Amino acid sequence: MRVGITGTPGVGKSTILNSFDTKLKKIHLFDWAREFYHSSNEEIEVCIDDMTSYFSGYDDVIFEGHLAHYLPLDKVIVLRCDPLLLKERYALRKYSNKKTLDNLECEALDLILIESINIHGKEKIYEYDTTKKTVKEACDYIQSVIEGKAKPQVGIVDRSEYILTLDGHDLVE
């Protein structure tokens with residue numbers, strides 16, 4: 001089984017996977033990219049073909065990262081989070097206004113969810129809102145997805161009200 005945990009930066013992907021107890025191999029794609037491209041930069045330009053080719057023989061694995069949905073996967077868990085909470089997290093990470101706005105727009109416009117659906121189809125997508133959830137609740141949900149107890153779900157999060165706010169840049173100024 002190949003599972004991907006994806007979502008906009010700051011939704012909780014790494015935090016949740018680090019706390020998730022599983023027999024599946026855990027792969028943080030950012031760590032892989034740093035090693036593969038011999039980079040210590042915080043931003044790395046990843047070639048999707050490099051990533052797909054490198055992991056082609058992997059099985060019984062969970063891939064985590066905002067590009068995980070580009071890999072061939074059996075199940076794709078798209079984590080979501082309220083943009084106001086993301087803004088707070090980006091401030092702690094000292095993101096620039098441009099990087100903050102870009103990521104908030106991605107979340108508000110469902111960019112990663114839409115890409116995931118286009119690549120894998122709705123029947124493999126498990127959208128999950130982490131905004132008011134504990135790490136344990138998120139881990140329990142991921143476990144239910146892996147065990148086949150959770151049903152695929154998309155469209156459970158609507159952040160469209162933030163689009164007008166983002167257009168005026170109120171969230172980042």
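User: How many aromatic pairs does a search of the whole structure find?

Analyst: This is a predicted model. The search of the whole structure finds 12 aromatic pairs. To class a pair, look at the angle between the ring planes: over 60 degrees counts as edge-to-face. Take Phe36 and Tyr54. Their ring centres are 5.7 Å apart and their planes stand at 75°, so this pair is edge-to-face. The pair links distant parts of the chain: Phe36 sits in helix H2 and Tyr54 in helix H3, 18 residues apart.

User: Which class does the pair of Tyr54 and Phe55 fall in?

Analyst: Apply the angle again. The planes of Tyr54 and Phe55 are at 80°, with centres 4.9 Å apart, so the pair is edge-to-face.

User: Is Phe55 buried or exposed?

Analyst: Buried means under 20% relative accessible area. Phe55 has 1% relative accessibility, so it counts as buried. Phe36, at 32%, counts as partly exposed. Tyr54, at 38%, is partly exposed too.

User: Which residues do ring pairs link into a cluster?

Analyst: The cluster holds Trp32, Phe36, Tyr37, Tyr54, Phe55, Tyr58 and Phe63.

User: Now the helix. Which residues of H2 are buried?

Analyst: Start with the geometry. An α-helix has 3.6 residues a turn, so residues three or four places apart point the same way. In H2 the buried residues are Leu29, Trp32 and Ala33. They lie on the same side of H2 because they cover an arc of only 100° around the axis.

User: What covers the buried residues of H2?

Analyst: The cover includes strand S2 (25–28), helix H3 (48–54) and strand S3 (61–64). After H2 comes His38, with a positive phi near 50°.

User: Next, space. How much lies in the largest pocket?

Analyst: A pocket is open, whereas a probe in a cavity cannot get out. The largest pocket holds about 1300 Å³. It has 44 lining residues, and Pro9, Lys13, Phe30, His66 and Tyr95 are the closest to its centre. By class, the lining has 18 nonpolar, 14 polar and 12 charged residues. Helices supplying at least two lining residues each include H1 (13–19) and H7 (135–146).

User: And how many cavities of 30 Å³ or more does a search of the whole structure find?

Analyst: One. The largest cavity has about 30 Å³ of space. Among its lining residues are Thr8, Val78, Arg80 and Cys106. H6 gives the largest share of that lining, three residues. The lining divides into five nonpolar, one polar and three charged residues.

Methods
Residues are numbered from 1 along each chain as its sequence is written. This is a predicted model: local features need pLDDT of at least 70, side-chain atom pairs count only at pLDDT 80 or more; totals for chains, interfaces and linings use all residues. Side-chain values use heavy atoms; hydrogens and water are left out. On a 1 Å grid over the protein atoms alone, a cavity is a set of points where a 1.4 Å probe fits but cannot get out, and a pocket is an open set with protein on both sides within 12 Å along at least five of seven lines; lining residues have an atom within 4 Å of a point. Grid points are joined across faces, edges and corners, and a volume is the space filled by probe spheres set on the points. Helices (H or I, at least four residues) and strands (E, at least two) are DSSP runs, numbered from the N terminus. Ala, Val, Leu, Ile, Met, Phe, Trp, Tyr, Cys and Pro count as nonpolar, Asp, Glu, Lys and Arg as charged, and the others, Gly among them, as polar. Buried means under 20% relative accessible area, exposed over 50%, partly exposed in between (1.4 Å probe, protein chains only). The arc is that of the directions from the helix axis to the C-beta atoms. Contact means heavy atoms within 4.5 Å. Rings of Phe, Tyr and Trp (its six-membered ring) pair if their centres lie within 6.5 Å; planes under 30 degrees apart count as stacked, over 60 as edge-to-face and the rest as tilted.
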